[in-house]
Amino acid sequence: MSLRRRAEVAAARAAYEVMTIGAGYPALAMPAARLRGHGVLVSSPGVEVLIEGYPRSANSFTVAAFARAQGWPGSGGGRIAHHTHAPAHVLAAIRRGIPAVVLLRDPADAVAEFVLVKPDLSIRQALRGYVRFYEPLVPHREGFLTARFEEVTTDLGAVTARLNERFGTSFLPFEHTEANARAVFDEMDGYWRGRLGGGAELERFVGRPSTTREAWKARLRAAYEAPELEGLRARGRRLFETFPDRAAR
């Protein structure tokens, strides 16, 4: 690795550490998200619901499918707050009384996929980021709805029903047919093709099922299961199991 490349990796890792630490504090996370210009903030005019989660937890699919069910354009046309990947964003929604859905995926899968799209990060860093996302939310878990990856990708309509029951809203459920799911995946593909083109890079980033990505993830399993990460893995697993799944609602 060249000296320049080492410097780039070190800078990316340092930036990630700062970002994930600051993500727990609204006074830091919200201005930072505004500067990055990624996603929609809960403070934006017209926001009706928030959908947030650790990266690679079906954020893009859930936002796009939820918006499609409501007849809203694109990723909600500004009505869905999403994609800051900051726990502070969830806390801000709770304070504003905005219905919030927090997405949750098994850390082994979420972390491996995140490292695939952010290869400058180590598994340790990505796992630490997972912990930093969910730990600040534990004391506030009664203020939002939790939805697991497996449910939003197979029965988002049931999640919407629970959201309506929890917050007294009347959002329309996504009909989770094969055709509707395919339409959402096609929309996601179109977005990433516009940014990356096709080929391997598309398979790395796009948030739909991919046999190519699963093969890449398998090669990261050994790093995730490293003995020195046992304590951090246990923290991630405890967080995953702390939040109620659909059977517990």
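**Exercises on a buried glutamine, a cavity and ring pairs**

Gln125 is buried, with a relative accessible area of 6%, where buried means under 20% relative accessible area, exposed over 50% and partly exposed in between, for a 1.4 Å probe and protein chains only. The model is predicted, so that local features need pLDDT of at least 70 and side-chain atom pairs count only at pLDDT 80 or more, while totals for chains, interfaces and linings use all residues. Residues are numbered from 1 along each chain as its sequence is written, and side-chain values use heavy atoms, with hydrogens and water left out.

**Exercise 1.** Find the helix that holds Gln125, and list the residues with which Gln125 is in contact beyond its neighbours within four places in sequence.

*Solution.* Begin with the helix: Gln125 belongs to helix 6, residues 123–134, a helix being a DSSP run of H or I with at least four residues, a strand a run of E with at least two, both numbered from the N terminus. Then turn to the contacts, which require heavy atoms within 4.5 Å; once neighbours within four places in sequence are set aside, Arg13, Tyr16 and Glu17 are in contact with Gln125.

**Exercise 2.** Describe the lining of the largest cavity by residue and by class.

*Solution.* A cavity is a set of points, on a 1 Å grid over the protein atoms alone, where a 1.4 Å probe fits but cannot get out, and its lining residues have an atom within 4 Å of a point. Here the lining consists of Ile51, Thr62, Phe66, Val101, Leu156, Val159 and Thr160. Helix 3 (59–70) and helix 8 (156–167) are the elements that give two or more residues to this lining, and helix 8 provides the largest share, three residues. Sorted by class, the lining has five nonpolar, two polar and no charged residues, where Ala, Val, Leu, Ile, Met, Phe, Trp, Tyr, Cys and Pro count as nonpolar, Asp, Glu, Lys and Arg as charged, and the others, Gly among them, as polar.

**Exercise 3.** Why is the pair formed by the rings of Tyr16 and Phe114 classed as it is?

*Solution.* Rings of Phe, Tyr and Trp (its six-membered ring) pair if their centres lie within 6.5 Å, and planes under 30 degrees apart count as stacked, over 60 as edge-to-face and the rest as tilted. By this rule there are 12 aromatic pairs. The centres of the Tyr16 and Phe114 rings are 5.8 Å apart and their planes stand at 45 degrees, so the pair is tilted. This pair links distant parts of the chain, with Tyr16 in helix 1 (residues 3–22) and Phe114 in helix 5 (residues 107–117), 98 residues apart. Finally, Tyr16 and Phe114 are both buried.

Methods: 1 Å grid on protein atoms, 1.4 Å probe; cavity = no way out; pocket = protein on both sides within 12 Å on 5 of 7 lines; lining within 4 Å.
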